[in-house]
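This briefing concerns the structure shown below.

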Amino acid sequence: MPAIAKECGITAGAIYRHFDNKAQLLVEVVRYALQTLPTSVRVLEPAELDACDLPEFAASYTTPEYKLVRQLSLEVHTAASRSHDSQTLLAKVNEESARLISRSISGAQNSGKSDKKLDPDFAAIFLQVTIMGLSHLDTLQPDLIGDQSWHDFILDRVSMVLGFPCPTRVRSGSNHKPRSSIGADLESE
């Protein structure tokens, strides 16, 4: 806390006037980071969540721009494993997020945009687990970060599992070949 206070130009005591503990500060840093990203799921602003954006939100975790969010996600989960306060706050954030995602998916089902047979609660948990897995991308498969074909694969798979008929959206300027094209190139050589 003293190092954080020094970087901010305030005292550690001033930080504790706004946050009860380190765990709460870390969770708020992550919330802020998520809220400042253009495609983020806004846990605190549920009216802005469109269920059709959920697949793109998950696929965004494959982009270089989300490196900080991936790192913060891992830090929060690490902190939760060491601190009961962190664990309690993380559980609350996860529950809020799951409820919001589930309600959003239910709304999409009611309006005919998503598969009505899908369990929205399980779909919300699936999305959270997928995103947490993608948070490990920097250490598991760093070469896939920024790979358009990987982004599109995640977008397609999450859309399919969530019951959305959303087509793959290709970002402009992509220089990555889809994996199937790469395989076709190898076969022709």
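Contact here means heavy atoms within 4.5 Å. In that sense, and not counting residues up to four places away in sequence, Leu89 touches Asn21, Ala23, Gln24 and Val27. The model is predicted, so local features need pLDDT of at least 70 and side-chain atom pairs count only at pLDDT 80 or more, while totals for chains, interfaces and linings use all residues. Residues are numbered from 1 along each chain as its sequence is written, and side-chain values use heavy atoms, with hydrogens and water left out.

**Overall fold**

- The chain has 10 helices and zero strands, where helices (H or I, at least four residues) and strands (E, at least two) are DSSP runs numbered from the N terminus.
- Along the sequence, the pattern reads α-α-α-α-α-α-α-α-α-α.
- Of the 189 residues in the chain, 41% are buried; buried means under 20% relative accessible area, exposed over 50%, and partly exposed in between (1.4 Å probe, protein chains only).
- Among the contacts in the chain with a separation of 6 or more, 62% involve residues 24 or more positions apart.

**Packing of α5 with α6**

- Helix α5 (residues 67–82) packs with α6 at an angle of about 130°, and their axes are 6 Å apart; axes are lines fitted to C-alpha atoms, for helices over the stretch in contact, and angles run from 0 to 180 degrees between N-to-C directions.
- This angle makes α5 oblique to α6, since angles under 35 degrees count as roughly parallel, over 145 as roughly antiparallel, 65 to 115 as roughly perpendicular and the rest as oblique.
- The crossing of α5 and α6 is left-handed; a crossing is left-handed if the near helix is turned anticlockwise from the far one by less than a right angle, and right-handed if clockwise.
- From α5, Val76, His77, Ala79, Ala80 and Arg82 meet His84, Ser86, Gln87, Leu90 and Asn94 of α6.
- The contact of α5 with α6 comprises four nonpolar, five polar and one charged residues; Ala, Val, Leu, Ile, Met, Phe, Trp, Tyr, Cys and Pro count as nonpolar, Asp, Glu, Lys and Arg as charged, and the others, Gly among them, as polar.

**Packing of α6 with α7**

- Helix α6 (residues 84–110) and helix α7 (residues 120–134) pack at about 125°, with axes 8 Å apart, which makes α6 oblique to α7.
- The crossing of α6 and α7 is right-handed.
- Residues of α6 that meet α7 include Ile101, Ile105 and Gln109, and those of α7 include Pro120, Ala123 and Leu127.
- Seven nonpolar, six polar and one charged residues form the contact of α6 with α7.

**Nonpolar core**

- In the largest nonpolar core, which has 24 residues, Leu54, Tyr61, Ile105, Leu127 and Leu162 touch the most other members; such a core is a set of buried Ala, Val, Leu, Ile, Met, Phe, Trp, Tyr and Cys residues joined through side-chain atoms within 4.5 Å.
- At least two residues of this core come from each of α4 (54–60), α6, α7 and α9 (148–161), and α7 gives the largest share, five residues.
- Beyond its neighbours within four places in sequence, Leu162 contacts Leu54, Pro55, Ile105, Ser114, Leu118, Ala123, Phe126 and Leu127.

- Leu89 lies in helix α6 and, at 23% relative accessibility, counts as partly exposed.
- The C-alpha atoms of Leu89 and Val27 are separated by 7.2 Å, although the two residues are 62 residues apart along the chain.
- Gln109, also found in helix α6, counts as buried at 6% relative accessibility.
- Leaving aside neighbours within four places in sequence, Gln109 is in contact with Ser114, Asp115, Lys116, Lys117, Leu118 and Pro120.
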